[in-house]
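Thanks for coming. I will go through one structure this morning, starting with its charges and then moving to individual residues.

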Amino acid sequence: MDRRLLSGFLILISVLCSLAACSKEKEHFEYVVLLGEDSSEIEEFPEADILVIDGEYFSAEDLTYLREKGVKKIYSYLNIGSLENFRKYYDTFLEDTLGTYDNWPEERWIDVSKKEWQDFMIARAGELEQKGFDGFFVDNTDVYDQYPGEEIYEGICRILMELQYLDKDVIINGGDVFVTRYIESGEECGHIFDGVNQEEVYTSYDFEKNKCGISTKEVRAYMKDYLELVSENGYEVYTLEYATDAGVKRAAKEYAAENGWICYVADRIEL
């Protein structure tokens, strides 16, 4: 083969290989929620500034690895409002549950007014903090929406107040009824969280059909008003959407950006 032809051929191969390598580069995310993963998948995690994981399944060494990969903040999931049947402590607190949890058969709402549960959640947070987490992604304060008693509200407040002693970020997932009362009461419990994550603002999920969709105008208007209340009072706003269609994913991200929210779009409800 002519040397010039060979040289040109090698250059072409080099360019094609470079393009292929670029196409395989991971997309960088500002915010990612991965609650169904454990450390066995850690090398496949997307690049992100803020990462939410279930701290039970990760070690301090795993967190060091993630930070070396560029993750700036790592939050642990902390479910204070329901009891999951795959947790080691399920049988211990089963008698303190209040009822079934629609669409999530592995969970039951928990009576957060019980001091034993409050103390357990606070201790659990302390154990997670020792691993080196930067904060907590607190789930199911919606128990106050399901069981709107004063003792439930106060139980949530006590747990969140105690978390403040750890000096870590606290992001509440959902909980619009609880958060709205807290803000409109003039933050009667003191500073107890730093931001809110709201699921299904632009998108929706149909559990019966197991299908992602777009939220109604009424739902979107309600969520926008609620999240404006949150942001106007100085709290960070995150949104978590569910979509498989590329166009819907793009639209959800654009909607969040227009409103100044940090958004992650997952392609399945089981994070």
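A word on counting charges before we start: Lys and Arg count as positive and Asp and Glu as negative, while His and the chain ends are not counted. The place of a charge is taken as NZ of Lys, CZ of Arg, CG of Asp or CD of Glu. By that count, the protein has 27 positive and 58 negative side chains. The centres of the two sets lie 8 Å apart.

Some housekeeping. This is a predicted model, in which local features need pLDDT of at least 70 and side-chain atom pairs count only at pLDDT 80 or more, while totals for chains, interfaces and linings use all residues. Residues are numbered from 1 along each chain as its sequence is written, and side-chain values use heavy atoms, with hydrogens and water left out.

Now the overall picture. The protein has nine helices and 13 strands; these are DSSP runs numbered from the N terminus, helices being H or I with at least four residues and strands being E with at least two. Along the principal axes, the C-alpha atoms fill a box of roughly 85 × 45 × 35 Å. Of the 271 residues, 45% count as buried. Buried means under 20% relative accessible area, exposed means over 50%, and partly exposed is in between, with a 1.4 Å probe and protein chains only.

Next, salt bridges. Side chains of opposite charge can pair when their charged atoms come close. The cut-off here is a side-chain nitrogen of Lys or Arg within 4 Å of a carboxyl oxygen of Asp or Glu. The structure holds 12 of them.

Take Arg87. Which residue does Arg87 pair with at 2.7 Å between the closest N and O atoms? One partner is Asp54. This pair links distant parts of the chain, 33 residues apart: Arg87 is in the loop between strand E4 (82–84) and helix H3 (90–93), and Asp54 is in the loop between strand E2 (47–53) and helix H2 (60–68). Arg87 counts as buried because its relative accessibility is 4%, and Asp54 counts as buried at 4% as well. Glu84 also forms a salt bridge with Arg87, again with closest N and O atoms 2.7 Å apart, and both Glu84 and Arg87 are buried.

For another setting, look at helix H4 (residues 115–131). Lys115 and Asp119 both lie in this helix, four residues apart, which is about one turn. Salt bridges that share partners join Asp54, Glu56, Glu84, Arg87 and Arg124 into one network. As for Lys115 and Asp119, their side chains meet in a salt bridge at 2.7 Å, N to O. Lys115 is partly exposed at 49% relative accessibility, and Asp119 is partly exposed at 30%.

Now helix H2. Which residues of H2 are buried? They are Asp62, Leu63 and Leu66. Seen down the axis of H2, these buried residues fall within an arc of 100 degrees, so they line one face of the helix; the arc is that of the directions from the helix axis to the C-beta atoms. They pack against E2, strand E3 (73–79) and H4. On the other side of H2, Glu61 and Glu68 are exposed. Gly70 follows H2, with a positive phi near 110 degrees.

In strand E3 sits Ser76, which is buried at 0% relative accessibility. Leaving out residues up to four places away in sequence, Ser76 touches Ile53, Asp54, Gly55, Leu128, Phe133, Gly135, Phe136 and Phe137.

Last, backbone angles. Most residues other than glycine have a negative phi, and most peptide bonds are trans. Glu200 has a positive phi, near 55 degrees. Glu200 lies in the loop between strand E9 (195–199) and strand E10 (203–206), and is partly exposed at 24% relative accessibility. Asn210 is not a glycine either, and has a positive phi of about 55 degrees. Asn210 is in the loop between E10 and strand E11 (211–214), and is exposed, with a relative accessible area of 56%.

Terms used. Contact = heavy atoms within 4.5 Å.
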